[in-house]
Amino acid sequence: MRSRQLAATAAAAAVTLLTVSACAGGGSSSSSTTTTAPAASPSANAGAITGPVTISFDEVYDSGTLKTAMQSAVKNFEAANPKITVSLTTYADYGALLTAETAAVAAGKAPTIGQAYESWAQKFATSKVIVPIASLPGASSTMSTALSSFYTGVQSDLKLPDGQVWMWPFDKSLQVLFYNATLLKAAGITSPPTTWTQFGTDLKSASKNGVVGITIDPGNATEGATSGEEWLEELAAANGTQVYTSNGTPQFTNPAVESALQYLVNLKKEGALATGTNYPGETALGAKKGLVDLSSSAGYYYEQQSVGGKFPLTTTLLPAGGSGAPDEMAGANLVVFAAASSQQQAAAWKFLQYLSGPVEQAAWSAATGYYPVTSQALTEPSMATYLKQNPWVSSTIAGLNSAIVDPPYAWVTQCGIDLSTAMSAALSGTSVSSALNSAQSACSSAQSNG
Amino acid sequence: MKRGRRGLRPAGNRDFRRTKKGWLYSAPAILIFSAFIIGPTIYTFYVSLWNWNVLNPSLSVFRGLGNYKELFKATDPSFVQSLENSLYFTGAMIVAGTAISLCLALLLQRGGGLMGASRLAIYLPNATPLIATSIIWSWIYNPQFGVANWVLHSLHLPTSPWVEGQATAMPAVIMFSLWHELGFLTIIFLGGLTVINDEYGEAARVDGAGPWQEFWRITWPQLRPVTYFVIIITTITSLQSFTQFYQLSGGGPNNATTTLSYLIFEESQVLQNTGYAAAVAIVLFLITVFITLVRRRTTPAIR
Amino acid sequence: MTADPAEIGLNRLLRRAGWPERGRRLPRRKKSLLYLRRIVAVLLGLGFIFPFYWTFVISVDRPGQFDSFPPVLIPQWDWSSWARAWSEWPWLGLFANTALIASGTVILCLITSTLAGFAFGVLRFPGRKALMALVLSVLMMPQTVLIIPDYVLASDIHWVDTYWIQIVPWGASVFGIFLIRQFFATMPQEILDAAAVDGAGRLKMLWRIGVPAVRPALVIIAINVFMASWNSFLWPEVMTRSAASGAGVQPVEVGLSGFASANGTDIPGLAAATAFTTLPLIIVFLLLQRQFIRGALSAAGSIR
């Protein structure tokens, strides 16, 4: 009896193993074709679209003005390029986007274009599932002109460590401060602080009667990159040292980083800083329980919604530290997947050029609060009203030239989570040096694992 | 006449039960399980032996048991820390879940009307989807605006950061999970209480035994099989819980609520360390199997 | 009432557990203790329902009130949050998808569970015990890691972003199989023997006699599978994509999570969305409460 049972179990296992290996074989063989990505053969009419072609675009513009602005961008593009159809697939957040892009690539069904952070792009590139922009049909002649129209900080952000341009920009933002103007006046602060030291003092004096100066989200694995963690990076840079070297090595135990985190811990101790999740600064600001919110400029629409006209907002750049006022540039770039056909890649290049061109950048900016990536957009008529109503845009946009950005290495995702963890730990009472030590060792081992 | 296990069977009709083709009836179910669960499980074990490149599997590097050895290194969060969190959560759910639901069952047995409404109210959270209730509780737990801190404040107790404090996050998630599970466990205990033979209890009361003695000597021993079931079901579901750790606490703060399930999610979906995540998954699978086998050997046989 | 022995048995169990059949009252024990227990029971019940009550209050209160401290417990009625939340997301389509997926899954589960439960509970064939062990082992695999291999499989058969991928993989239930098996194993065997003597083939026997005999189990499984399908999140989240317009093939919980991500700071709107996506289930629960309770009671007996 027992041997028959064993035989039956073995038979069942063998059947399933065969099924699995067939599928596994199917899966890997279909994606192995992408390792030899079809390089577009240069020809006289490279980049010409011969017949109707559909390209797919995976993105996260799923609500509010982001959604409507993207839909009208697609409509305008399709009207100007009747042979191309753009099919949008929208995800709720970057976490869901990464899962979907990864799964799609694994199954051999990658989209044509997808949003991607720099660290994602590095992983995609080393796994040979995306193509360099210059290899897109039609790009070899037109790419460098388009590239030089961007702000310099944006240009360097598009390259991976091998020096090639693998990504294309679309929406970039900087961190800005949104103040409750009424509360500023009530606290006797005549003008917003221009140094971090002054910022700390102002926050402490405003934190009374149920108001907490600022509420931040240090971040966690589910949420991904948050303003709170970016603030730490900006403070460290303002103190003189960035959290990463240019080749991605972490320097979390550097004194500049430690004093940056200590600054936040001190704010917390004085009751001027609180932590939360899910854009807590925005909620607190709207509830009149916060003096200021630190947020991406693209959060502008959401801040206004939260405030609901209850009080006027004052928007400023970041204050300065000992080594200036570096701002962190955020916003995902676009990549083109290798599984796309030659015609799709040609169409993708046309779409990328359109998205980053001055006309669309002006429209996108005015609708969403992202900065245009090219200064040519500033003179577009559609931006005129927006610039007049939001003077902070013109005064801060030069920051795109000098902004700091996390180096494009795959382990940076893990290291961002490690920094978030260190922030949470320090703000909950762990000593700053031990929190940063743990983060440093975790990030170093992620780096050595490649 | 032949005697079978269930009584007499007519000898003339060759027993319809015995048939070599019986497995065909179970084939649809087995096929679904094989294709979508058993097959992928074996594939997961295969993946766990590689430094797996999910984007381009042909670039994967074979590591043998290397991923398993790495489980004990100090990554962030570490496997050992996640295992501790899982055991903390599971242990608390087992102890609190069993004890509280037993008390609730004893309290709510018999009586219609109000008692029945109460039983329904306690079971209601179990019938509502975890995503919706996680969203509800993340607002309840909001340190500045949530009802939880208002209750503490009204009782003149210090307020708590709940899911945002390192030491309080796991207790907060446990409290939410208990709210969700207790109704189901209470119903099970209620079922167990009703099949208990009343005669022993009556006899004890006639002999002058107090309610505590009656419970401890008469009721409790007869509840053992039900208690074992409650413990096992709580163990398995707690070890695999994911949704509330994702939606309510995000694995933090500072990895305080990163359980093994959440670690698998983080490593495979966020960080794409697919091989390592597969190794963690296989370990979690083995732990669950181990516990179930242990239970089989220790449960009194009631079939 | 029914003459079905299984049904009678469960009714008896329910009655003794405290759910009297309609109209009947139970004899009382010590009165004072009962009053005390009643008060505690009512307080507990209210406490358990409170989170739902509070969500409802936030959703129908004036939008500026949700962040007041101390929290407001009696709303100043304003349904604008419901209107806003409803119009911003394709809820009707999401509900329709969920209903379709849940129903499909229930039907498939009933079929596979009855067949397999019959096989394991009545028939005798080589490999039966091994197959049962295999089925039990299915319970132990953590779902988070099956996603990637299952996505590769789904993609190979072109089932990604379809209704199929949300129904078929869940079309077999371990709980269902073992519950049906339990029912078959404990029913009087003479019924089946008599049918065999009459010359009925196995399938006909199953259909004519077996299925009616296990009807209470079918109801329990239907409810169980329906609720589990509604509750599923990670699987449809990965396997489906939100359409550029409309609901696509996504179910309502994925929609709710997406809504929370996109509008997470609109607390009254989020409360409204949570309220109206949960309300149908609460209504179903109240209408079918006896079946729910049965389901929980029989869970204890089925898997050994």
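**Entry 1: chains B and C.** I began with the contact between these two chains, which takes 86 residues from chain B and 89 residues from chain C; I count two residues as in contact if their C-beta atoms, placed from the backbone, lie within 7 Å. Helix H1 (residues 23-47) of chain B gives the largest share of the side of chain B that touches chain C, with 15 residues. Helices (H or I, at least four residues) and strands (E, at least two) are DSSP runs, numbered from the N terminus. I sorted the side of chain B that touches chain C by class and got 56 nonpolar, 23 polar and seven charged residues. Here Ala, Val, Leu, Ile, Met, Phe, Trp, Tyr, Cys and Pro count as nonpolar, Asp, Glu, Lys and Arg as charged, and the others, Gly among them, as polar.

**Entry 2: ground rules.** I am working with a predicted model, in which local features need pLDDT of at least 70 and side-chain atom pairs count only at pLDDT 80 or more, while totals for chains, interfaces and linings use all residues. Residues are numbered from 1 along each chain as its sequence is written, and chains are lettered from A and ligands numbered from 1 in the order in which they are written.

**Entry 3: helix pairs across B and C.** At what angle do H1(B) and helix H4 (residues 91-121) of chain C pack? I found about 135 degrees, with the axes 7 Å apart; axes are lines fitted to C-alpha atoms, for helices over the stretch in contact, and angles run from 0 to 180 degrees between N-to-C directions. That angle makes H1(B) oblique to H4(C). Angles under 35 degrees count as roughly parallel, over 145 as roughly antiparallel, 65 to 115 as roughly perpendicular and the rest as oblique. The crossing of H1(B) and H4(C) is left-handed (the near helix is turned anticlockwise from the far one by less than a right angle; clockwise would be right-handed). Among the residues that meet, I noted B:Trp23, B:Tyr25 and B:Pro28 in H1(B), and C:Leu115, C:Phe118 and C:Phe120 in H4(C). By class, this contact has eleven nonpolar, three polar and no charged residues.

Next I looked at helix H5 (residues 130-140) of chain B and helix H13 (residues 252-263) of chain C, whose axes are 9 Å apart at an angle of about 25 degrees. So H5(B) is roughly parallel to H13(C). B:Ile131, B:Ala132 and B:Ile135 meet C:Glu253, C:Leu256, C:Ser257 and C:Ala260 there. The tally is five nonpolar, one polar and one charged.

**Entry 4: chain A.** I listed 19 helices and nine strands in chain A. An automatic or database domain assignment gives domain 1 (53-167 + 331-402) and domain 2 (175-328 + 405-448). Their centres, taken over C-alpha atoms, are 27 Å apart, and 20 residues of domain 1 are in contact with 20 residues of domain 2. On the domain 1 side, H4(A) gives the most, with five residues. That side divides into seven nonpolar, ten polar and three charged residues.

**Entry 5: a helix pair in chain A.** Helix H9 (residues 227-238) and helix H10 (residues 255-269) of chain A have axes that come within 8 Å and cross at roughly 125 degrees, which makes H9(A) oblique to H10(A). Their crossing is right-handed.
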